[in-house]
Each structure stands twice: as C-alpha cells, then as structure tokens.
Amino acid sequence: MSITNGNRFGFGSGIRADSLFRIVFGSAVVVAGLLLLGVILSMVASSMPVWSIQTPLSFVFGDRWAGEVTQPDGSITGNYGAVPVIWGTAVSSVIAILIAAPIGILAAVYLVEFAPRKLAAPLTFLVELMAAIPSVVIGLWAAGDLSIRLRDSVEWWVASTLGRVFPWLSEDPNAPASQSVFRAGMVLAIMIIPMVVAVSREVIRSVPQSLREGFIGMGATRWETIRHVVLPAARVGLTGAVLLALGRAIGETIAVTMVIGNAEGIPSSLFLPGQTIASKIASNYGEAGSPTQVGALAALGICLFAVTFLLSLAIRLVVRRSMRQGGRVG
Amino acid sequence: MQQPEIESKNGATTPRVVPTGVPAIADTGAVSTTGNLVLQNLEVFYGGFRAVNNVSLQIESKSVTALIGPSGCGKSTLLRSINRMHETIPNATVRGTVTLDGVDLYGSHVDPVRVRRVIGMVFQKPNPFPTMSIFGNVASGLRLAGISNKGEISAIVEDSLKKAALWNEVKDKLDEPGTSLSGGQQQRLCIARAIAVRPEVILMDEPCSALDPIATLKIEELIRELRAEYTIVIVTHNMQQASRVSDSTAFFSMGEDRGGYLVESGRTPQIFTAPTQQLTEDYVAGRFG
C-alpha cells in the first residue's frame, strides 16, 4: 500500500462507523422526545371535550367536581372543579415531606458520619430494599392493618389533644373514619423515606473530607462539624433530595388510592377521607363513560404533569446552583 | 504563665474556654516558654499495619521543625498523630507518648477535641469552609471556643488576618465567601483561622504543595514570622523549602516492612551539609526520593 493511498491511515471506514453510531444514538433521543410530545398532545386532545362545557379557569379554580347532566336536547351541561383534588394532593404530599425529610436526612447523616463501615453497608442495602417494595404492596399493607393502627394510635392521640383546639385535626370519637387524608400522607412518607435517605446520603458523602478535617482540626466535635460545616455545605443538595421525593409523593397513585377514601370535596378534617389528583384519575377512569368525563380526567392529568414538570425545573435550578457553589471550592 | 487546660479533672469534661496559657492579643513581646513537644517511642498503626515505627523526637519550642522524606514514609501520619487527628480514621491507633510541656496528650483524661485547639493544623489543600465568609472562617474556631462577644471576635479576626499577612488584601471584603480568594490567599486564610484560637503548636501538612511559586514564597515568609510565637512542625516534599524555613529537620525513610522510621534529626544546616547517615546524604543530594 502506498503512502499516497489514504487507506493507509484507515480513514473512510472509521468516519463511516462514527456517523452510523451517531444516527443510532441520535434516533434514540428523537424517539424519547417524540414520545414526550405524543403524551402531551394526546392528553390535550383527550381533554378537548371538557372545554366545550367549561373554561380551563373554571376547571382549575372550581371548588366542586359536580359532574355532568345530559339535557333532553342531547347537549351536556356540567362543571368539573379541580380544587378539592389539588388540595388533597398538596396536603398529603406536605404531610409526607414533613415526616420523611427529617427522618430521611437524619438517617443519611447517621449512615455517612456515624455508622461503622460494617453496619453502614447492610443498613444502606436495607434502605434500598425498602425503596424496591412495589407501591401496591405497601398499599395493601397500609389499607389493611396499618391504616387501622394509625387511626387508633397517632390519629386518635392528635385528635384528642390538638383536635380540641383545631377543628381540622378533629375526628368523631364514636365513628372514626376508616380512611383519611392524613393516613395517605403517612403512607406516602413511608414510601419516600428511602429516596430521601439515598439521595441525601450521596449528597452528604460528597462533602469533601478536607472540610470535616479542617473543622475537627480547630477543636470541633463530630456533631459541631456536622452542624456547622457538613450540613451547610450539603444544604442545596439536600433541598434537591427533598424536592425529588416531593415529586414522587405528588405523583404516587396506587397506595394513596387504597388508603385515602376517594371522597368528593375538601374534608373538614385531615382525619377524614379525601382525594388526590392521581387517586381521582385512577379511581374514576374505569367508570368514565362520556367524552367529557374522560376529558375532565385528562385535564387533571395535565395539571399533575404541569406540577411535576415545574418541580423538576426547580430541582434543575437547585442542582445547577449547587454545582456552581461546588466549583468555587478549592 | 499557666498551662493550657487540655487535661480535665477526673476525666470530667470541663467547660470550654479559650486556652489560657497563651498571650492575649494586647500582650506582645512576652516570650512564652510553652510549646515543647516530645515524641517518645511513637508508633502509629492503621489496623494491623504499622505506618510509623518507634519515633523519638524532641521538638523545640518557638521554632520550625521540618519533617522530610520520600513519599509513604509516614511523615503525614506522624504529624496527624501529634494533634490526634489520625483518630478520625477508623482503626487508627497509637503506641508510645506525645507530650506537650509535660502533659501526655494521649493520657486517659485528655480530650482530643481540646488537644486540637492547642495544636492547630494547616492542610495540604486549602480548605476554607465554603458556606462561611472570610470573616466567618477566621471566627469559626472562636465561636467553637465559646467566645460570643462581637467586639472581641472582630479584634481577634483582624489580628489573626494581620498575622497571616492577609489583612490588607481582604479587609474590604470580609463578607465575601472564603472560597472566592486565590489558592495562596485561601491557604493564608486557613493559617489565620488556625492562629485565631491561639494555639501553641501549628502543624502544617505540605501547606504549599497546591500553590504556585509566588504564593509559596509568601507562605514561607509567613512561617518564618510565625516562628516567634508558635512551635511549627511542617511536612514538606520540597527540600529547598525545608532548608529555607526550618531550624531543625527530621529525615524519615521507609523500612523493609513499609513502616516509616526516623533516620536522623538535627539542626537544618547540619542535616543538609553534614548528615551522619549515608541515607540522609543521598536523599538531600537528590539521589532518591
């Protein structure tokens, strides 16, 4: 082969292989993007019938899911309001986060800062196992045994103390509800704790050891180092962990549907049944007959998607900020 | 002058106070006689591995002692055993004694947290606390020591930054994050942070290895100035640095069992020009290491 022959350096075939792979990998991205677009478009299309009987504003701010009536002339009138389910989603998720964030972060601090190596590995594995429990299994456990136990312990205790002052924490002692918004929040907390632990653990582990040593070297105890150096340095990442878990809680469907009671309207107390966006869609879809009914549920789906989309946008902003901060170190 | 209170009575934890045996800010000129370190038959282990072998060494008060030797010979490990930092690594243990002015730092009544307040440390890579301002970094140790008087803290921060030759560069931006400074400035900030709590000994673990030559020179100049007030022990890979900044030098090497041991120690000029051991001569002449 002569030097003037380009094949001596093998070009041609290498470039062809590269462009082939570029097309393969590129089309995978295009498929994923098209799927997302397809979901959004089909949701919007399915929701269209409901906009013939009401406006998006009256949907989002309507406080009653009244349903629809077919008039003698064949036209449909009705009103669907999303406020009660948005309320249920928000309240159950906030309860879940209030319980799961402190427990999860404290557990992560223990795993990284205190647990001996021999204990940390099996404990971490256990937490990961907990995350792997299918939500329907948790729902089954929660709807049966756990729900009643929570009602007769935590709920009963709160209702008979705080409930005397705040009506939204009260219950009828003679006929406590068998399902409630509060219990949905507790079940969500159980489901998202592993996620908070796992992400927080990574965040805390990524705080440079040199910072811990610097503070310990100045005469700080372990606890002072965690409080004044490790947690502040991890603050942004921990916020991200909590937001990620919040996203999971907002979208969680099956376990919530099994314990929340699926009652219409905003309940007067957290210890009464309610509904979330996701549980409403799951429990009503099977019975939705008319295009407007399906449309109303699709519109709820759009609301849920919008909320989780905004949340992941917030997480991206938080993570970008934390990376900028990290870049300044050293 | 009083002994620093690192030993608590009957093993009970004593309330935290600033080490009292050290000169107050206004107290200039008075030459303290404290800060004498003595290592005796010191051995440091990581689990079953002996990283430092039977080291006995006297470290003179108010002077700079350089620990030199090839990589892996246990210099840093030895340094970290002086303020009990190595204990933060699981399974790390020590045999032998380290005494500071007659107090056994490994005695059963000694709180390692208090040891580290009397024996400060500067690390290889500058490590300012990223969530604290320049001021906050220097003040952090004072707050740990329980000082809450704002005026007092400000005075000590200013004084420490001046001693660390950083004040003029940062006095107008004390509220900016410590991590906004250049590498050399960050290291001087870490030195200011260490001296703010009025230690008697400052340990430096290759403090210039991450810095450029000009920043290195500034730190070396600073080390020579700080010698008047503090006992300084510095680990360095840079033999020119050792000869420039130190009064005494201890040369370490690695034994057949991979544990480090002390080959010889002495006045720096003597170690560099007339060592008694062939190994030392080969090392300082650059023939290995």
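**View 1. Met48(A) in the loop between α1 (13-47) and α2 (56-60) of chain A.** Helices here are DSSP runs of H or I with at least four residues, strands are E runs of at least two, and both are numbered from the N terminus. The model is predicted: local features need pLDDT of at least 70 and side-chain atom pairs count only at pLDDT 80 or more, while totals for chains, interfaces and linings use all residues. Residues are numbered from 1 along each chain as its sequence is written, and chains are lettered from A and ligands numbered from 1 in the order in which they are written. Met48(A) has 13 other C-beta atoms within 10 Å, so it is partly exposed. With C-beta atoms placed from the backbone, a residue is buried if 20 or more others lie within 10 Å of its own, exposed if 12 or fewer, and partly exposed in between.

**View 2. Helix α7(A) and its surroundings.** Six of the eight residues of α7(A) are buried, which leaves the helix mostly covered. The buried residues are Leu211(A), Arg212(A), Glu213(A), Gly214(A), Phe215(A) and Ile216(A). They pack against α8 of chain A and also against α2 (112-118) of chain B.

**View 3. The side of chain A that touches chain B.** Contacts link 21 residues of chain A with 24 residues of chain B; two residues are in contact if their C-beta atoms, placed from the backbone, lie within 7 Å. On chain A, α7 (209-216), α8 (222-251) and α11 (291-328) each supply at least two residues of this side. The largest share, six residues, comes from α7(A). By class, this side of chain A holds nine nonpolar, eight polar and four charged residues. Nonpolar covers Ala, Val, Leu, Ile, Met, Phe, Trp, Tyr, Cys and Pro, charged covers Asp, Glu, Lys and Arg, and polar covers the others, Gly among them.

**View 4. Chain A, with 11 helices and two strands.** From the N terminus on, its elements run α-α-β-β-α-α-α-α-α-α-α-α-α. Chain A is more spread out than a compact globule, because its radius of gyration is 26 Å, well over the 20 Å that the globule rule gives for 330 residues. The radius is taken over C-alpha atoms, and the rule is 2.2 Å times the number of residues to the power 0.38. Along the principal axes, the C-alpha atoms fill a box of roughly 90 × 65 × 35 Å. Of the 330 residues in chain A, 37% are buried.
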